[in-house]
Amino acid sequence: MSIALLVIFLLLSALGVPLAVALGLASVAAMLMFTSTPIDLLSQSMFSAMNSFLLVAVPLFILVGVLMERGRVAEKLFDFAGAMVGWMPGGLGHVNVVSSVIFGGVSGSSVADIASIGAIEIKAMERHGFPKGYAVGMTLCTSTLSSIIPPSILVVIAGSIANVSIGTLLVAGLIPGLFIAFMFMVFNHFYAVRHGYNPPTPFNLRLVITTGLAAILPMLTPVILLIGIVDGYFTPTEAAAIAVLYTLFLAVVLYRTIPLRELPGIFMETARVSGTILFIAATAKLGAWVFTYDGLPAQVATFLSHISNGPTTTLVLIFLFLIVVGMFMDAIAAMFILIPVLMPPAVSMGVDPMHFLIVMVITLTLGLVTPPVGVCLFAVAQVAKMSIEDVVKGSLAPMSVLVAAILALVLFPVLTLGPIRLLGLY
């Protein structure tokens, strides 16, 4: 049954059928071929997948990202990042990393990162002597930080699928995100020093203070959300609603960068993106039902027990598998399909569920920047006006750093679990 679903799904995808539609049709076909399940139960199952209070947070966080992008808030964040680390050797490369960290804490979306500050980062690095290919490659790979640093849309979706604490999972993603950012900065330092790019400029404390004051209100967004969620003042969904109201106040009232007449268009754009994600959630519910009915998680657990001898080996194998999956499948669709299949056997092999989910989210973000379906890859090629081939060539080195950093997170669970245990959240 599972094999039939996957074969039909791959055939439909190869024919250009949208992922959500292909998955839904493949799931229904597999059910009709192997079971006598009434059709009306399928529609009920799809509705129940979307009837989730936690999933309401997804369109709200998407709206926050769109508002931040249209409200030109990213420019303030980029200027502050430049004042903080622009004076270091390879400064504009470091600014690229830090600005993605800060913007990720505001928007939670890698695509929004590239759309809002991608062009700014690339042009600034070029002006300071960096090759365009390297600037584009760094911009592409550092955009993944926005999908890891809380509040991450992918982390919220993963937590809702696995039915774990969203607040704890968001906090668990913070240190891994900062660790990956640190690895990017180490790589950029040695690259810049070796090639003599971007000599350091003097540190200017006054500039740090002035740009920091200009950017402090947007940067308060992740702080408010995390403190509120962790201390129990509001749920992740309520936090997303608060973030929307706060962002609306900044962009419409305080900065006045978004006229009221543009809001209907922004809401329509948010609805289109959200509809795509929630449609995937609905059809993936059918696929998960097929895999469960077929006993696929138990079969995967048996297979893993034969080829691995502990949680680390198990997670390394899953990590390698997810790299391949992420290259050909949308991250959100992959999570809806694979979390119910891979998480139970991984946990049975001794992998911590929080560690598993964070590793899965971060590994699948690789698919955002790799061909043939990388959304961020196409976005940055459009922004930089470069061919996909040239973007990929410029991205190979920073992408290798990203893979090495994720592998380190797989091998050292303390980077993920240590902070949430230290804070008494887990």
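1. Lys385 is located in the loop that separates α19 (375-384) from α20 (388-411); helices here are DSSP runs of H or I with at least four residues, numbered from the N terminus. The phi angle of Lys385 is near 55°, a positive value in a residue other than glycine. Lys385 is classed as exposed because its relative accessibility is 73%, where exposed means over 50% relative accessible area, buried under 20% and partly exposed in between, with a 1.4 Å probe and protein chains only.

2. The model is predicted: local features need pLDDT of at least 70, side-chain atom pairs count only at pLDDT 80 or more, and totals for chains, interfaces and linings use all residues. Residues are numbered from 1 along each chain as its sequence is written, and side-chain values use heavy atoms, with hydrogens and water left out.

3. As background, most residues other than glycine have a negative phi, and most peptide bonds are trans.

4. The peptide bond joining Pro150 and Pro151 is cis, with omega at about 5°. Pro151 belongs to the loop between α8 (132-142) and α9 (153-162).

5. A search of the whole structure finds five aromatic pairs. Rings of Phe, Tyr and Trp (the six-membered ring for Trp) pair if their centres lie within 6.5 Å; planes under 30 degrees apart count as stacked, over 60 as edge-to-face and the rest as tilted. One of the pairs is Trp87 with Phe203, which is edge-to-face, at 5.6 Å centre to centre and 75° between the planes. This pair links distant parts of the chain, 116 residues apart: Trp87 lies in the loop between α5 (73-85) and α6, and Phe203 in the loop between α11 (174-195) and α12. Trp87 counts as partly exposed because its relative accessibility is 33%; Phe203, at 46%, is likewise partly exposed.

6. Phe130 and Tyr134 form a stacked pair, with 5.6 Å between centres and 15° between the planes. Both of these residues are buried. Ring pairs link Phe130, Tyr134, Phe187 and Tyr191 into a cluster.

7. A further ring feature concerns Tyr255: the charged end of Lys76 sits over its ring, 4.5 Å from the centre. The criterion is that NZ of Lys or CZ of Arg is within 6 Å of the ring centre and within 35 degrees of the ring normal.

8. Helices α6 (residues 91-107) and α12 (residues 205-230) have axes that come within 8 Å and cross at roughly 60°. Axes are lines fitted to C-alpha atoms, for helices over the stretch in contact, and angles run from 0 to 180 degrees between N-to-C directions. The crossing is left-handed, that is, the near helix is turned anticlockwise from the far one by less than a right angle. Ile102, Gly105 and Val106 of α6 meet Pro218, Met219, Thr221 and Pro222 of α12, contact being heavy atoms within 4.5 Å. The residues of this contact divide into five nonpolar, two polar and no charged; Ala, Val, Leu, Ile, Met, Phe, Trp, Tyr, Cys and Pro count as nonpolar, Asp, Glu, Lys and Arg as charged, and the others, Gly among them, as polar.

9. Leu12 is part of helix α1 (residues 2-14). Leaving aside residues up to four places away in sequence, Leu12 touches Val17, Ala22, Leu25 and Ala26. Leu12 and Ala26 are 14 residues apart in sequence, with a C-alpha to C-alpha separation of 8.2 Å.

Terms used:
Helices (H or I, at least four residues) and strands (E, at least two) are DSSP runs, numbered from the N terminus.
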